[in-house]
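Please look over the sequence and the model before reading on.

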Amino acid sequence: MLSWLQLGFNCGLSYDVLRRNTDSKVHKQGGLVMGNPSWLTPYDANGKEYDGEIPGTGLISLRHREANVKDASRRTSITTLGYLQFTPIEGLILRTQGGVEGYYTLHPVRYLPSYVENLKNGTARESLAAGASIVLTNTLEYSLTLAEDHHFTPLLGQEYVYDFSTGFDAATIGFTDSRLMKLEQGRADMRSISSSKGEHYYNSLFGRLEYAYSNRYFADVSLRMDESSKFGPRNRRALFWSAGAMWRAKEEAWLRSVAWFDELTLKASVGTSGNSAIGEYAWQGVVEGSDTYKGGGLAMGWRTLAIATSRGSGS
């Protein structure tokens, strides 16, 4: 195997089936169930579970719901990660890393026409959601030691992230036969169809310089420029920075002989960070049918926060 070349690849697949109770916590099948008298049970005098409404409670028996309400989503996911690393000379590392996370979720829902809460009026709904996140990162790092005790590690990098999602939802009612419950077999005048699609990207350039002296004093500074398509064209980029220092006091000659503690470290840092937790198209103004205007406009941009921390630890 080549000593100057490393590569790796991981892939994971998963398949999940999720069933859930769609009743809210304030529904009679949810939190309000505690308001029923404790002596009322889902079983009749012969010990058989009711098939339908439990007398005196307004609740539907679990047996009946299980048989007449079909609500389970199926999700298939894939996660891949690969990297390629070169070390052309000692101390210099070039690394390219990429990954993909994708999912596909199908969620069919059926309330059969035999369900007591909507007899002869079954409902059907189907939704699909799919999406993926693609990440590509490239870094160049060099480790340098001068005069034995001075260690420098500069790093330059670039990262690109692309996310997209798509989906649809369709529903209808009016089913009278549980054997005929395809969407097109419901009432044509009571159908609803909707779809969605979204995408956004992040593009970043960053650099960092780390310094260490004699395994006692450490310092680092970093600079990063992020670009996000979630903001208007004039405000997509922002610059962030950070600086930090650490002192390993226990490594000092005048503390090494102290036997009642093994470690004493002091740290401090200061820097800025950005927040882009908004909708993908929030910067684009839209008008709804209710005459409501939404959107932050072209001026919408990164929200920057300055942070300073300091702490000490010992043992």
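The model is predicted: local features need pLDDT of at least 70, side-chain atom pairs count only at pLDDT 80 or more, and totals for chains, interfaces and linings use all residues. Residues are numbered from 1 along each chain as its sequence is written, and side-chain values use heavy atoms, with hydrogens and water left out.

**Nonpolar core**

- The largest nonpolar core has six residues, namely Val161, Tyr202, Phe231, Ala238, Phe240 and Trp302. Such a core is a set of buried Ala, Val, Leu, Ile, Met, Phe, Trp, Tyr and Cys residues joined through side-chain atoms within 4.5 Å. Buried means under 20% relative accessible area, exposed means over 50%, and partly exposed lies in between (1.4 Å probe, protein chains only).
- Apart from neighbours within four places in sequence, Val161 is in contact (heavy atoms within 4.5 Å) with Ser133, Ile134, Val135, His200, Tyr201 and Tyr202.

**Salt bridges**

- The structure contains eleven salt bridges, each being a side-chain nitrogen of Lys or Arg within 4 Å of a carboxyl oxygen of Asp or Glu.
- One of them joins Arg237 to Glu227, with the closest N and O atoms 3.7 Å apart. This pair links distant parts of the chain, ten residues apart: Arg237 belongs to strand 11 (residues 237-248) and Glu227 to strand 10 (residues 217-228). Strands (E, at least two residues) are DSSP runs, numbered from the N terminus.
- Arg237 is exposed at 56% relative accessible area, whereas Glu227 is buried at 14%.
- Asp189 and Arg187 meet through their side chains in a salt bridge of 2.8 Å, N to O. Asp189 is exposed, with 54% relative accessibility, and Arg187 is partly exposed, with 39%.
- Lys182 pairs with Glu184, the closest N and O atoms lying 3.5 Å apart; the relative accessible area of Lys182 is 48%, so this residue counts as partly exposed.
- Salt bridges also link Glu141, Arg208 and Glu210 in a network.

**Loop residues with positive phi**

- Lys120 is not a glycine, yet its phi is positive, at about 60°. Lys120 sits in the loop between strand 5 (92-111) and strand 6 (122-142), and is exposed at 60% relative accessible area.
- Ala147, also not a glycine, has a positive phi of about 50°. The loop that holds Ala147 runs between strand 7 (144-146) and strand 8 (150-175), and Ala147 is exposed at 66% relative accessibility.

Note on methods:
Helix = DSSP H or I, 4+ residues; strand = E, 2+ residues; numbered from the N terminus.
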